[in-house]
Amino acid sequence: MSVPPFSVLDLAPVASGSTSAQALRNTLDLARHAEALGYRRYWLAEHHAMPGIASSATAVLIGQVAAATERMRVGSGGIMLPNHAPMVVAEQFGTLEALYPGRIDLGLGRAPGTDQATARALRRSPDALSVDDFPEQVAELRGYFHPESTVTPAAGNEPPVWLLGSSGYSARLAGLLGLPFAFAHHFSAENTLPALHVYRESFRPSPALERPYAMIAVSVTAAESDERARELAAPQALSFLRLRQGRPGPLPTPAETAAHPYTPLEREIIQARMDSQVVGGPDTVRRQMDALVEQTAADEVMVTTMVYDHADRLRSYELLAGLYGLRPEAVASAR
């Protein structure tokens with residue numbers, strides 16, 4: 001089996017007892033670390049009104065990460081287009097592409113990435129919250145990058161556009177538009193194979209892409225042993241549970257996680273969540289990741305790791321890079 005490129009998805013997690021400022025400093029540190037290890041790209045995710053995520057000003061953070069690194073591609077995973085006027089997104093990413101030519105990716109999603117009240121505050125109009133006009137929004141946005149556009153500095157500075165999804169809708173649209181597609185396996189594992197099939201079956205070559213290019217986002221926690229990896233992954237599982245219950249918060253501490261009075265239903269939800277992740281020591285991680293790559297035929301794997309201690313997070317990416325022989329020089333030739 002050939003080894004696909006590996007990349008990083010970062011939500012700038014805010015740990016319990018810490019601050020957003022520290023989370024953002026951790027992001028810059030991880031980005032430099034990931035580039036040195038040989039990860040291909042580094043994407044930031046847009047979420048709002050969530051105490052445990054500090055990447056809400058995504059375009060601003062992308063600029064900071066690009067400035068802190070030298071070769072690695074940096075982008076959005078993604079910008080939730082219904083939250084924004086397409087022209088504003090074009091201005092932001094045209095600026096980023098002009099500043100860091102050949103290093104910026106624009107990943108687009110069609111969900112608000114937050115609750116409806118927050119989405120309304122972002123767009124200032126309840127009429128603009130529908131995801132049904134996503135294809136028109138994408139077309140409008142891409143039009144602003146045309147060399148003859150009057151939108152500065154978007155004109156002539158279009159970064160590669162990706163569509164993101166957790167179902168078949170964006171998969172089909174990405175295929176029809178001939179764009180690369182990134183699937184959110186890390187929170188919608190049951191839809192991964194059907195969505196990738198839809199993408200590949202509907203793909204039409206375009207000036208942007210000659211053949212389908214599919215990336216999967218995977219939650220990975222690697223440690224020295226299976227037991228240690230399960231311990232490290234537990235706070236993220238509790239955080240997910242609280243989000244499902246409508247109680248989002250910072251990433252809980254290991255002690256808080258161990259003390260939580262789990263109900264049988266909560267344990268069932270957490271187990272289902274863990275079953276879709278890659279968690280373990282080196283041998284387990286390699287076995288699980290190889291199986292997932294073979295099953296999905298993914299062209300690239302984007303890894304997200306949410307653990308309480310920043311040093312453990314760095315170590316997880318180190319272990320994965322070592323398992324697959326990632327090399328820093330490979331970053332410079334990334335597409």
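## Aromatic residues

Both Tyr199 and Phe203 are buried, a term for a relative accessible area under 20% with a 1.4 Å probe and protein chains only. The model is predicted, with local features requiring pLDDT of at least 70 and side-chain atom pairs pLDDT 80 or more, while totals for chains, interfaces and linings use all residues. Residues are numbered from 1 along each chain as its sequence is written, and side-chain values rest on heavy atoms, without hydrogens and water.

The structure contains seven aromatic pairs; rings of Phe, Tyr and Trp (its six-membered ring) pair if their centres lie within 6.5 Å. Trp43 and Trp162 form one that is edge-to-face (planes over 60 degrees apart), at 5.2 Å centre to centre and 85° between the planes. Trp43 belongs to strand S2 (residues 41-44) and Trp162 to strand S5 (residues 161-165), so this pair ties together parts 119 residues apart in sequence. Strands here are DSSP runs (E, at least two residues), and helices likewise (H or I, at least four), numbered from the N terminus. Trp43 is buried, at 1% relative accessible area, and Trp162 is buried at 1% as well.

Tyr199 and Phe203 also pair edge-to-face, with 5.9 Å centre to centre and 80° between the planes. Phe181, Phe183, Tyr199 and Phe203 form one aromatic cluster.

## Packing of two helices

Helix H8 (residues 226-244) packs against helix H10 (residues 264-275) at an angle of about 120°, with the axes 10 Å apart. Axes are lines fitted to C-alpha atoms over the stretch in contact, and angles run from 0 to 180 degrees between N-to-C directions. Contact means heavy atoms within 4.5 Å; among the residues making it are Phe240 of H8 and Ile269 of H10.

Methods: Phe/Tyr/Trp six-rings, centres within 6.5 Å; stacked < 30°, edge-to-face > 60°. Buried < 20%, exposed > 50% of the residue type's maximum accessible area, 1.4 Å probe, protein only.
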